[in-house]
Amino acid sequence: MKYLDEYRDERIARGLAEQVAAVTTKPWVLMEICGGQTHTLMRYGIDELLPRGLELVHGPGCPVCVTPLETIDKAIQLALRPDVILVSYGDMLRVPGSSSDLFRAKAQGADVRLAYSPTEAVKIARSNPDRQVVFLAIGFETTAPANAMAAWQAKREGLTNFSMLVSHVLVPPAIRALMVSESNRVQGFIAPGHVCTVMGCGEYEDLVRDFRVPIVVGGFEPVDLLEAILMLVKQLEAGEAKLENQYVRSVSYQGNVPAQQIMKEVFEVADQKWRGIGAIPRSGLRLREEFGNFDANRVFDLGEFTVEEPAECISAQVLQGLKKPTECPVFGMRCTPENPLGAPMVSSEGACAAYYQYRRHAVVS
Amino acid sequence: MSSATKTIAELSCPAPLPAKDKVLLGHGSGGKLSAELIRDVFLPVLNNPMLARLDDQAIVNINGQRLAITTDSFVVKPLFFPGGDIGSLAVHGTVNDLAMGGATPLYLSAAFIIEEGFPMEQLRRVVDSMHRAATEAGVQVVTGDTKVVERGKGDGLFINTTGIGIAPDGLELSANRARPGDKVLLSGSIGEHGIAILAQREGLEFETTIQSDSAALHTLVAGMLEATHEIRCMRDPTRGGVSSTLNEIAQQSQVGIELEERRILVREQVRGACEMLGLDPLYVANEGKLIAIVADGAAEAVLQSMQRHPLGAEARIIGTVKEANPGLVTMRTAFGTTRIVDMLAGDQLPRIC
């Protein structure tokens with residue numbers, strides 16, 4: 001398949017891995033931000049191809065994982081109302097809130113529907129004028145334009161039965177939060193290619209300058225990741241800190257400007273809680289006042305409440321790259337994808353779930 | 001009770017999820033939840049040695065004659081899809097479950113649960129299709145049942161078929177018979193049925209020309225059994241795909257199964273659709289493929305027999321049964337690294353990005 005096979009080519013990948021080994025003289029700690037990248041690393045065993053001492057730690061870029069428990073509880077609460085159709089991306093359905101998940105709500109009679117695109121939710125609202133349709137709008141900058149488009153479209157059509165439960169997170173403030181943390185170990189970042197396809201590279205310049213940390217925008221296939229790792233190690237070995245773009249076939253410096261415009265028109269930057277990490281200032285998006293009628297929090301008067309994560313979950317350390325999932329005492333024992341105790345185990349893109357899915361034999365044997 | 005009034009104790013831990021008081025869709029997915037349902041609800045109550053084998057069919061001995069019995073219900077949506085419909089599927093599915101026990105399928109029953117208002121023309125098309133499929137497979141529908149449920153109490157049409165066939169003497173096929181050194185054979189490319197169905201589903205607006213692989217496999221099996229009786233186990237990887245089937249075998253035989261990624265054939269269009277939807281073809285359903293676990297020495301003969309049959313022309317040895325990692329399926333990736341091929345909890349869910 002074009003644009004895939006060449007990026008999964010074993011020969012090219014091995015060649016890159018050899019180059020990485022050849023240029024690496026010291027131990028380095030790199031972080032890939034996106035859960036999709038973590039997934040690829042585990043699936044193809046890329047870390048096994050790297051020289052000893054070159055450590056990859058896994059970042060917080062799994063949108064499903066970092067969606068706060070409170071948002072999931074609200075979604076379940078809404079879904080259980082007889083007048084509501086709750087529409088969600090597929091992998092949110094199994095994510096546990098504090099006492100249930102959307103699949104269980106569905107079994108209790110809730111009308112929960114899976115969509116591939118938020119515009120499907122608008123379509124459902126249009127054809128069910130007597131029901132309230134709520135879209136669970138989560139994600140990073142990648143899904144924000146499409147989610148914004150849904151609100152924009154609903155407003156233009158004057159729909160009064162459509163709203164969104166928004167939980168949007170932004171990558172650059174999360175990197176900043178990691179870098180200012182006293183316990184930070186990360187020396188170079190692979191920035192998320194899909195986020196940068198939308199946002200461009202520019203907003204990472206400040207991070208590179210402020211923290212003198214190399215950042216390479218990377219893709220999602222094995223060859224992409226190995227190339228990004230090579231670019232980072234070369235910079236680190238040379239004592240450089242630059243912003244580079246490995247994922248040139250998708251990411252331009254400016255990004256997708258019309259997509260950014262619709263995001264800005266519909267959303268504004270706000271403080272945001274991340275599941276497993278906590279609150280990060282100005283790290284999320286909320287609907288602007290002009291779109292307040294489409295905010296499910298207002299439409300349904302959901303109120304605010306706080307839910308605590310189980311104390312034994314070490315997800316905060318995993319999501320900051322301080323610990324590997326397998327260092328958690330309950331990994332694979334009391335915490336599994338079926339019964340996750342915390343954020344990184346809930347979605348297949350979460351770091352703990354990726355280790356569990358692809359690597360637990362290494363732990364067992 | 002609103003979440004705001006919950007006590008801290010109730011809120012402090014999101015898992016384990018509360019008592020399993022409701023059946024979830026995932027309980028029908030063929031994954032871990034299905035296995036749990038069978039283990040916790042059905043087996044303890046209905047238990048007997050034949051059921052406990054948990055094979056696709058039971059082999060019973062009646063007056064010295066070994067008979068294979070199986071049953072399957074079909075709830076596919078849409079009812080008509082490229083490469084088949086619920087009628088042909090109901091024949092192929094049950095014929096295949098018999099064939100996986102090495103049996104020659106003979107007779108089927110067919111039970112129809114029809115929703116009030118269902119178009120008669122569609123029902124006729126389904127019955128015609130069943131007839132064609134049965135005739136081609138050399139089986140007869142010899143008894144049946146019809147129930148009509150009120151509008152809104154069914155989903156158009158459900159069909160159950162039960163089949164019986166004759167099982168050859170001296171042949172013991174079961175998922176608990178895989179042994180280290182055995183080879184894993186797969187009869188062709190994977191994922192076509194699942195993707196053909198998904199492509200037709202409401203709300204998924206992408207076009208493909210992928211056809212379901214729905215087919216009756218018993219003549220393919222007959223050829224394999226002519227080659228050797230050194231086959232340990234056969235399964236058709238339907239719901240949950242190749243991964244779930246192999247995980248079941250690994251668990252029931254307490255062996256490890258190691259697959260070679262590059263040996264597993266996935267059509268370009270299926271790969272494309274899976275990439276787009278964030279699915280893994282190893283978990284996508286097939287309706288005309290089989291997996292056989294064969295003793296090392298007989299594997300080549302079985303493979304050649306399969307390749308002579310049109311439904312096995314692309315058959316390959318895709319892996320080996322190992323002593324290491326009992327109960328787990330692992331895969332040697334194209335990069336020479338190893339990963340687990342896990343059994344899913346429920347249905348495979350499309351990823352957000």
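Predicted model: local features only at pLDDT ≥ 70, side-chain atom pairs only at ≥ 80, totals over all residues.
## Domain layout

## Extent of the interface

On the domain 1 side of chain A, 37 residues are in contact with 30 residues of domain 2. Together the two domains of chain A bury about 2,800 Å², and carbon and sulfur atoms account for 60% of that area. Of the area that domain 1 of chain A buries against domain 2, 26% is supplied by A:Met42, A:Glu312 and A:Ile314, more than by any other three residues.

## Polar and charged pairs

The rule finds 3 salt bridges across the interface of domain 1 and domain 2 of chain A. A salt bridge also joins the side chains of A:Arg359 and A:Asp47, with an N to O distance of 2.8 Å. Polar contacts across the interface of the two domains of chain A number 11 residue pairs, both residues being at pLDDT 80 or more.

## Make-up of the domain 1 side

Three elements of chain A each supply at least two residues of the side of domain 1 that touches domain 2: helix 2 (35-44), strand 2 (54-61) and helix 3 (63-66). Helix 2 of chain A gives the largest share of that side, 7 residues. By residue class, the side of domain 1 of chain A that touches domain 2 holds 18 nonpolar, 10 polar and 9 charged residues.

Notes:
Residues numbered from 1 in each chain as written. Chains lettered and ligands numbered in written order. Heavy atoms only, no water. Contact = heavy atoms within 4.5 Å. Buried area = accessible area lost by both parts, 1.4 Å probe. Salt bridge = Lys/Arg side-chain N within 4 Å of Asp/Glu carboxyl O. Polar contact = N/O pair within 3.5 Å; in protein donor to acceptor, adjacent residues only side chain to side chain. Helix = DSSP H or I, 4+ residues; strand = E, 2+ residues; numbered from the N terminus. Nonpolar A, V, L, I, M, F, W, Y, C, P; charged D, E, K, R; others polar.
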